[in-house]
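Can you walk me through this protein, a bit at a time?

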Amino acid sequence: MGTSLRRQDYTQAARRALQDALWHNSISLAELYGKDKEDMQITVEIGVQQPDRVDTDALRDIFPYGQLTFVVAFGGLDVARPDGLPTVIANVALSVALELGA
């Protein structure tokens, strides 16, 4: 989960959620199977109240390797504030796959 407290920046909220997810987990699947890290297929799912306001190109630099696919959907939460501008909350999920072949 990531937030944008004051700017209603959906991309920044998604960035914070992705950084949190990566900092709490290690993506080392490829090394376990003797593959190159670049071979990993990483699907990034992002849920926010306004999916069209997420710039996925601006999020690619978070990942040091892997083949990225972004899916942005309606989700997350906009929390109302007294000044009328909501706090934006983004939720993310990462799925990692590796083609092992025969």
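**A walk through the chain**

Let's start at L32, which sits in helix α2, residues 29-32. Helices here are DSSP runs of H or I with at least four residues, strands are DSSP runs of E with at least two, and both are numbered from the N terminus. L32 counts as exposed because its relative accessible area is 67%. The cut-offs go like this: buried means under 20% relative accessible area, exposed means over 50%, and partly exposed is in between, with a 1.4 Å probe and protein chains only.

Before we go on, a word on where this comes from. The model is predicted, so local features need pLDDT of at least 70 and side-chain atom pairs count only at pLDDT 80 or more, while totals for chains, interfaces and linings use all residues. Residues are numbered from 1 along each chain as its sequence is written, and side-chain values use heavy atoms, with hydrogens and water left out.

Back to L32: together with Y33 and L100 it forms a nonpolar patch on the surface, with about 350 Å² of accessible area. Such a patch is made of residues with over 30% relative accessible area and no salt bridge; nonpolar side chains (Val, Leu, Ile, Met, Phe, Trp, Tyr) are joined within 5 Å, and like charges within 9 Å. Accessible areas come from the Shrake-Rupley method with a 1.4 Å probe, and for residues only the protein chains shown count as cover.

Now zoom out. The protein chain has two helices and five strands, and if you read along the sequence you get the pattern β-α-α-β-β-β-β. Its C-alpha trace spans about 60 × 25 × 20 Å along the principal axes. Of the 102 residues in the chain, 34% are buried. The accessible surface comes to about 6100 Å², and 49% of that belongs to carbon and sulfur atoms.

How do the parts of the chain meet? Take the contacts with a separation of 6 or more: residues 24 or more positions apart account for 74% of them. Contact here means heavy atoms within 4.5 Å.

T87 lies in strand β5, residues 87-97, and is buried, with a relative accessible area of 13%. Not counting residues up to four places away in sequence, T87 touches S4, L5, L77, D78, V79 and R81. Further along β5 you'll find V96, which is partly exposed at 32% relative accessible area. V96 and A21 are 75 residues apart in sequence, and their C-alpha atoms are 13 Å apart in space.

Next, hop to G75, in the loop between β3 (67-74) and β4 (77-79). G75 is buried, with a relative accessible area of 17%. Leaving aside neighbours within four places in sequence, G75 is in contact with G47, V48 and Q49. The C-alpha atoms of G75 and N91 are separated by 7.3 Å, and these two residues are 16 apart along the chain.

What about the charges? The structure holds five salt bridges, where a salt bridge is a side-chain nitrogen of Lys or Arg within 4 Å of a carboxyl oxygen of Asp or Glu. One of them joins R15 and D61, with the closest N and O atoms 2.8 Å apart. That pair links distant parts of the chain: R15 is in helix α1 (residues 10-23), D61 is in the loop between β2 (41-48) and β3, and they are 46 residues apart. R15 is buried at 17% relative accessibility, whereas D61 is exposed at 57%.

Another salt bridge pairs R7 with D9, the closest N and O atoms being 3.5 Å apart. Here R7 is exposed at 57% relative accessibility, and D9 is partly exposed at 23%. E31 and K37 form a salt bridge too, with 3.3 Å between the closest N and O atoms. E31 is partly exposed at 47% relative accessibility, and K37 is partly exposed at 29%.

One last stop: Q8, in the loop between β1 (2-4) and α1. Most residues other than glycine have a negative phi. Q8 is not a glycine, and yet its phi is positive, at about 50°. Q8 is also buried, with a relative accessible area of 12%.
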